[in-house]
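Here's a quick tour of a few local features in the model you have open. Have a look at it first, then read on.

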Amino acid sequence: MGGAVERLTKLVRSEDRFAIPYSELRQAQAEAMNERFEERGDRIKLLAFRAKEAGTTEIRGREDMVPLLFPHTAYKSYPESFLSEQKWDRLGKWLGTVSPYPICDIETSEVKDIDDWIDRLSAKGHYVSCTSGTTGKSAMLIAADRDMEWSRVDTVGVFSWGSGVEPERDRRMFGVAPIADVPKNVTIRDAQLAAFGDPRFAPFRLPVPPITVGQLTNMVVLRKAIVDGTARPDEIAQFEATSKERAETLERAYVISAESLVAARANKLFISGMWNALHQVATLVREMGYGAKDFHPDNCIYVGGGLKRAQLPPDYQEFVHETFNIPANRKFQNYSMQELNSGMPRCQKGGRYHVPPWMVPFVLNEDGDELLPHDGGEIEGRAAFFDLALDGRWGGVITGDKISLDVNPCLCGNAGPSIRDDIMRYADLDGDDKIGCAGTVDAYVRGLS
Amino acid sequence: MTTLDLQPKAQHTDSDDAIRVDHFIRGRVITGGAVHYYSRDLGVEFATPEILLDELVTPRSELPPLLDVPTEEIIDFLVACGERLVLEDNVYLQEALEHIVATNPLPRRVVENLFRVARNRLTKEALWCSVETSFANPLALDGWVERVDFAGQHGALRAFPSRMIHMMAGNSPTGCISSIADGALVKAINVFKMPSSDPFTCVAMLRTMAEVDPDHPVVRSMSAVYWRGGDERIERTLYRPQYFDKIVAWGGGDAINNVIKYLGPGLQLVSFDPKTSISMIGPEGFESGAVIEEVAEAAATDVTVFNQEACLASRFIFVEGEREGIEKFCARLQERLGVDRQTASEVAHPLPVDTREEITMLQVMDDDCMVWGKPDGRGLVLLTSDPVEFHPSSKTANVVHVASLDDAVRFVNVATQTIGMYPPERKSAMRDRLASAGAQRVVRLGGAATHVAGGAHDAMFPLQHFVHWMSDEDA
């Protein structure tokens, strides 16, 4: 790790990390990106390819980095047939093009399924997470040991800064969302438990069988088989039956969560989940006749992820906060994504997401290939970041989000760059008015539940 | 290219920069720019008049205006209108052209060429051919045709005009001319819902017709309007069997899903599904430099139709034969993709970001994938041993080297429309298996965009589906 990267990432433990004005960060960030580029330029094959195409030999400022940022879709660029046809060596080779560390040889002849393969990679220090493929292809993200260490520290810092909750191990932990059993999620959960969990209570976890990468990608695999015309009716029926069973198990688990929360209402709670799960559990708690007056007045809540297209009433946040008696100054929101490794917590006073010094923010044009001029104030466009803390893959990612970034001080008094709380996904903004006679067989695959 | 639509719903604003879109309601041109939209493909602002829903619906108590007009007279009228489709003389087409180049990804010259050949669709021969191949007895369009069954019982049949909404495709500006002709031939009452990438040509065409005869029953049977596809206020209200019999829709995905919601007894969908087309070339195609030259040109002709925006444009080329010849073919094909043609430009739009990413990855993995050209819209050829998983577009051909063309049949599916074959003699040996896999059309390589008149479209004869078969029986 180079000197500038080290200087900036060391700030993760600094109280004032969000107070540094952007003008003071700019030079150090450029130097740090260049250090990363020098270290990784030859080791990450995809990066080497892009650098060659762009003729980049040095990073002097953010403009030089733009052609080297990976679109978030880069992590979905593997052919799905690698999954459906269980070509683990090929998938391994693909991971090798985005990893700075060579993927050690893994005996793939006897790999049972993707979960088995991922376990074998984990044992060698390659941690593979994947995003849920409910609306399409799953992104496969590889990380290294240092990334797990970083997550452990960063997640506690982010939550503590955003919610004002000190890591004093005085809270009863409740996790109510169905969380994928991938290394990053497990690391975050364990780190939160160690920092905030009251050792007198066993942590509550949503009682459902672990959700594995295999389960997340099952649908993708079946979809591919349907497209190829090789899926048999029995397979489809079996898949639908399993989905239905899982949905029922999940319903029951929410009821158990609600009952357990009510039983623990006198304790000071740390409730974590995603909005959809939190809203469902809160509704059950209300139906049982409990609400704000029954819960501890200093509860806190950790929300991960966005709405994921869940349909919730407009007041879902207030409803959840009220149900569990979350005080106004404990409301927590974090902007991040699986592709990055650091969070951007929202401040209480200004209601904006703050970008830490080791994250280099970029606002690009919609196509994501040009840096918008930014001489001060707030500008809007496609978000990209370079997470200097990332070790097991390239830190530069172009997101699917539309953001407004401000480099002037926030109302909360912090002088570092911040993002307005109205982030939207370009995918959700696109109209659905396109009609043409050309198209693919994807349109012929009826939805799977 | 993705387009950010900042205002997915219709907006009432006063902006004067927006392109004006006129509506056409049964012979009357409706102007006004009260409602503003952004085009889907290029994000251009345009403004339409407010839609008065009552005007779009002809009560069932009124007989269709074309009911008693003989087919012959309708065809004469369409031919007379076709004769006015001369770009140099027709101000409506000229005006439409200026606007289309702003909202449609097709290059100007391609749109001009399309306008220049549009009149060929409205010839007497072509129109009669389409009627005669669709109806065993075309007289059923003009009146009640008597028939007697095997038991000697008498009855009569009529192909009665229906009430139709046509959801037009946006990728071919002159596609509306066929839709208008079809709607007229079956004497239907037609509402054309124009696409955001071309809310102009259909009205230009109808205005041309109104100039020939403003009171002609064909003109009084046609309306063309724009609303944003999926607009519930309009679609929930209009899509009812009391108002319409059929919705004729192009495309798939959201466009069709929006329509499907409203289907039910009495309201039928006639869908032209989204399609992918392919080519198959046997070892004969790589035997000599001269043959390779000819085959590459034929393949490029099929790949580049409408800069590959069309369903009949080939995207995957399955090849059987010697590697050396195939690689030469790929190199030559890439060069021929970059040529300026009647319906394709030298440079198409660059490929979408996620596709470029997958192509980069194919190169980085240094597999057996070979690449000619760049994803810059000037022509790209990818030689692989399995088809790529993305949708090749903007003049991209994925050449797939298979051991035998028989192995390529498994890549034919229910979305496969046209298969261009070389040598053409292979067609007859393969066409049954291709049909069984789901394909609809097999042609000579290079002939994807040329048609034998009066053929089937999307595995059906659409005109048969456009009528309301009414039966009068004396049993």
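This is a predicted model: local features need pLDDT of at least 70, side-chain atom pairs count only at pLDDT 80 or more; totals for chains, interfaces and linings use all residues.

Residues are numbered from 1 along each chain as its sequence is written.

Let's start with the helices. In chain A, the axes of α10 (residues 213-228) and α11 (residues 233-263) come within 11 Å and cross at roughly 155 degrees. α10(A) and α11(A) are therefore roughly antiparallel to each other (angles over 145 degrees count as that). The crossing of α10(A) past α11(A) is left-handed. Here's who touches whom, with contact meaning heavy atoms within 4.5 Å:

| Helix | Residues in the contact |
|---|---|
| α10(A) | A:Q215, A:N218, A:M219, A:L222, A:I226 |
| α11(A) | A:E235, A:I236, A:F239, A:R246 |

By type, the residues of this contact between α10(A) and α11(A) split into 5 nonpolar, 2 polar and 2 charged.

Over to chain B. B:H401 sits in strand β17 (residues 396-401), and its side chain reaches the backbone oxygen of B:G321 at 3.0 Å. Leaving out residues up to four places away in sequence, B:H401 touches B:V319, B:G321, B:R323, B:I326, B:L383, B:T384 and B:S385.

Is B:D17 buried or exposed? B:D17 is exposed, with a relative accessible area of 73% (exposed means over 50%, with a 1.4 Å probe and protein chains only). B:D17 lies in the segment before β1 (19-20) of chain B. B:D17 and B:Y92 are 75 residues apart in sequence and 20 Å apart in space, C-alpha to C-alpha.

Technical notes. Chains are lettered from A and ligands numbered from 1 in the order in which they are written. Side-chain values use heavy atoms; hydrogens and water are left out. Axes are lines fitted to C-alpha atoms, for helices over the stretch in contact, and angles run from 0 to 180 degrees between N-to-C directions. Helices (H or I, at least four residues) and strands (E, at least two) are DSSP runs, numbered from the N terminus. Angles under 35 degrees count as roughly parallel, over 145 as roughly antiparallel, 65 to 115 as roughly perpendicular and the rest as oblique. A crossing is left-handed if the near helix is turned anticlockwise from the far one by less than a right angle, and right-handed if clockwise. Ala, Val, Leu, Ile, Met, Phe, Trp, Tyr, Cys and Pro count as nonpolar, Asp, Glu, Lys and Arg as charged, and the others, Gly among them, as polar. A polar contact is a pair of N or O atoms within 3.5 Å; within protein, one must be able to donate a hydrogen and the other to accept it, and residues adjacent in sequence count only if both atoms are side-chain atoms. Buried means under 20% relative accessible area, exposed over 50%, partly exposed in between (1.4 Å probe, protein chains only).
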